[in-house]
Amino acid sequence: MASSSRTQVIALYRMLIKESSKFPSYNFRNYALRRIKDGFRENKHVDNPKSMDQLLTRARESLALIKRQVTVGQMYSSQRTIVEALGAR
């Protein structure tokens with residue numbers, strides 16, 4: 001992996017993690033974080049430039065989707081789960 005693509009991947013990973021942490025719902029937040037980490041771990045050793053471009057494109061689309069979902073989730077408040085209530089102490 002070239003240096004520039006490595007920095008792109010790391011920056012995209014950080015943006016995905018940061019945006020997913022904004023989900024108001026505990027379940028959505030943890031699911032998104034788990035899927036992001038698993039997806040990046042799974043594709044850690046991809047060296048093919050064409051595959052790398054496809055994966056980066058898919059990750060950018062996922063980032064846009066997460067941003068939209070976070071916005072929608074913040075519009076509608078919901079009750080906190082027991083896990084969230086205990087963690088707030």
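**The largest pocket and its surroundings**

Modeller: Happy to! Let us start with the residues around the pocket: 40 residues line the largest pocket, and those nearest its centre are Leu16, Arg35, Ile36, Lys37 and Phe40. Three helices, α1 (3-20), α2 (26-42) and α3 (49-75), are the elements that each give two or more residues to this lining. Please keep in mind that you are looking at a predicted model.

How much space lies in the largest pocket? The answer is about 1200 Å³.

You will find Ser20 in helix α1. Is Ser20 buried or exposed? Ser20 has a relative accessible area of 0%, so Ser20 counts as buried, because the cut-off for buried is under 20%. Leaving aside residues up to four places away in sequence, Ser20 touches Arg29, Ala32, Leu33, Ile36 and Ile66. One of these partners, Ile36, is also among the residues nearest the centre of the largest pocket.

Phe28 has a relative accessible area of 55%, so Phe28 counts as exposed, because exposed means over 50%. Follow the chain twelve residues from Phe28 and you come to Phe40; the C-alpha atoms of Phe28 and Phe40 are 18 Å apart. Phe40 is another of the residues nearest the pocket centre.

Let us step back to the whole chain. The protein chain has four helices and zero strands, and its elements run α-α-α-α from the N terminus on. The C-alpha trace spans about 45 × 25 × 15 Å along its principal axes. The radius of gyration of the protein chain is 15 Å, whereas a compact globule of 89 residues would have one near 12 Å.

What about the inside and the outside? Of the 89 residues in the protein chain, 22% are buried, and Ser20 is one of the buried residues. The protein chain exposes about 7000 Å², and carbon and sulfur atoms supply 53% of that area.

Finally, think about which parts of the chain meet. Among contacts in the protein chain with a separation of 6 or more, 68% are between residues 24 or more positions apart.

Conventions. Residues numbered from 1 in each chain as written. Predicted model: local features only at pLDDT ≥ 70, side-chain atom pairs only at ≥ 80, totals over all residues. Heavy atoms only, no water. 1 Å grid on protein atoms, 1.4 Å probe; cavity = no way out; pocket = protein on both sides within 12 Å on 5 of 7 lines; lining within 4 Å. Points joined across faces, edges and corners; volume = space filled by probe spheres on them. Buried < 20%, exposed > 50% of the residue type's maximum accessible area, 1.4 Å probe, protein only. Contact = heavy atoms within 4.5 Å. Rg over C-alpha atoms; globule rule 2.2 N^0.38 Å. Areas by Shrake-Rupley, 256 points an atom, 1.4 Å probe, with all protein chains shown as cover.
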